[in-house]
Amino acid sequence: MTLPGLPLPAHTKQFVAPDTWRSIEFASDLHLGEDTPRTFDAFAAYLRCTRADAVFLLGDLFEVWVGDDARHEGFEARLTALLKEAAEQRTVGFMVGNRDFLVGDEFLTDCGLVPLADPTVLVAFGRRVLLTHGDALCLGDTSYQSFRTMVRSAAWQQAFLARPLAERRRIAGEIREESRRLKLGQARSDWVDLDARATMAWMREAETPDLIHGHTHAPGTENLGPGLVRHVLSDWDLDTTDSAARAEILRIDASGFSRNPPDAC
């Protein structure tokens, strides 16, 4: 039974992998931008070299996305071209996160990406796996949940996207700096995690023994309860000098789950 007020969303979709697929790989929280050249290069090399039949990106590919019209210039144009190239080689699925929730149909269609609802039930290799970015389940972060409700509304998005692109970039930059300021001095262990009861309720309702999510930047595999396992994706960061370099993909195939460094040619 789900928690009152937080049922499995009605927009939950099911993605059935073709029988011919041998593996699917997952990544999230790359937070790519002009100031992440090493991370971008590593991601580009991975997309060009992976042997997976599909790559599913589960949110926060971008540090910030201010609207699909941004894809025509600067860094966004480079990443758009990379994703187009990748989607010509294999299926690339895309789920929005808390930093790139404004990604729309124009961008997805232009790049040839397969949209993934949050959450999505993946049926592959004899398994049912629940996929989500993860932020919707961080119920303990009440200020963020209020912000999330506001910015996911159609009215807010329509008003924001009506602003000139330069103004949207400025506003997004201010929000980004405020987020960084709030996290200064916080250990990662202090960041809000997914609510365990709500998470298990989603998994039980979806009949998915496994969950894959990102958002928390705390990669690992954990038993949540009897028959329920979550696989937390790694963030990617090869540019920050004051932290250990991080880049990892999660792979699922007929033998199960494995964690690996991104393939290089």
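Visitor: How many salt bridges does the structure hold?
Guide: The structure, which is a predicted model, holds 23 salt bridges.

Visitor: What does R230 pair with, and how far apart are the closest N and O atoms?
Guide: R230 forms a salt bridge with D193, and their closest N and O atoms are 2.7 Å apart. R230 belongs to strand β10 (residues 228-232), while D193 sits in the loop between α6 and α7 (196-206), so the pair ties together parts that are 37 residues apart in sequence.

Visitor: Are those two buried or partly exposed?
Guide: R230 is buried, at 7% relative accessibility. D193 is partly exposed, with a relative accessible area of 36%.

Visitor: And which side chains meet E167 in a salt bridge?
Guide: The side chain of R163 meets that of E167 at 2.5 Å, N to O. The side chain of R170 also meets that of E167, at 4.0 Å, N to O.

Visitor: Where do R170 and E167 lie?
Guide: Both R170 and E167 lie in helix α6 (residues 165-183), three residues apart, which is about one turn of the helix.

Visitor: What is the relative accessible area of R163, E167 and R170?
Guide: R163 has a value of 36% and is partly exposed. E167 is partly exposed at 25%, and R170 counts as partly exposed at 45%.

Visitor: Which residues are linked in a network of salt bridges?
Guide: A network of salt bridges links D35, E63, R99 and R176.

Visitor: Changing topic: how many disulfides are there?
Guide: The count comes to zero disulfides. For C111, the closest cysteine sulfur is that of C49, 20 Å away, which is too far for a bond.

Visitor: Is C111 buried or exposed, and what about C138?
Guide: C111 is buried, with a relative accessible area of 2%. C138 also counts as buried, at 2% relative accessibility.

Visitor: Now for helix α4. Which of its residues are buried?
Guide: In α4, which covers residues 142-151, the buried residues are Y144, Q145, R148 and V151. Seen down the axis of α4, these buried residues fall within an arc of 135 degrees, so they line one face of the helix.

Visitor: What do the buried residues of α4 pack against?
Guide: They pack against α5 (154-161).

Visitor: And which residues are exposed on the other side of α4?
Guide: T142, S143, S146 and T149 are exposed there.

Notes:
Residues numbered from 1 in each chain as written. Predicted model: local features only at pLDDT ≥ 70, side-chain atom pairs only at ≥ 80, totals over all residues. Heavy atoms only, no water. Buried < 20%, exposed > 50% of the residue type's maximum accessible area, 1.4 Å probe, protein only. Helix = DSSP H or I, 4+ residues; strand = E, 2+ residues; numbered from the N terminus. Arc of directions from axis to C-beta. Contact = heavy atoms within 4.5 Å. Disulfide = S-S within 2.5 Å.
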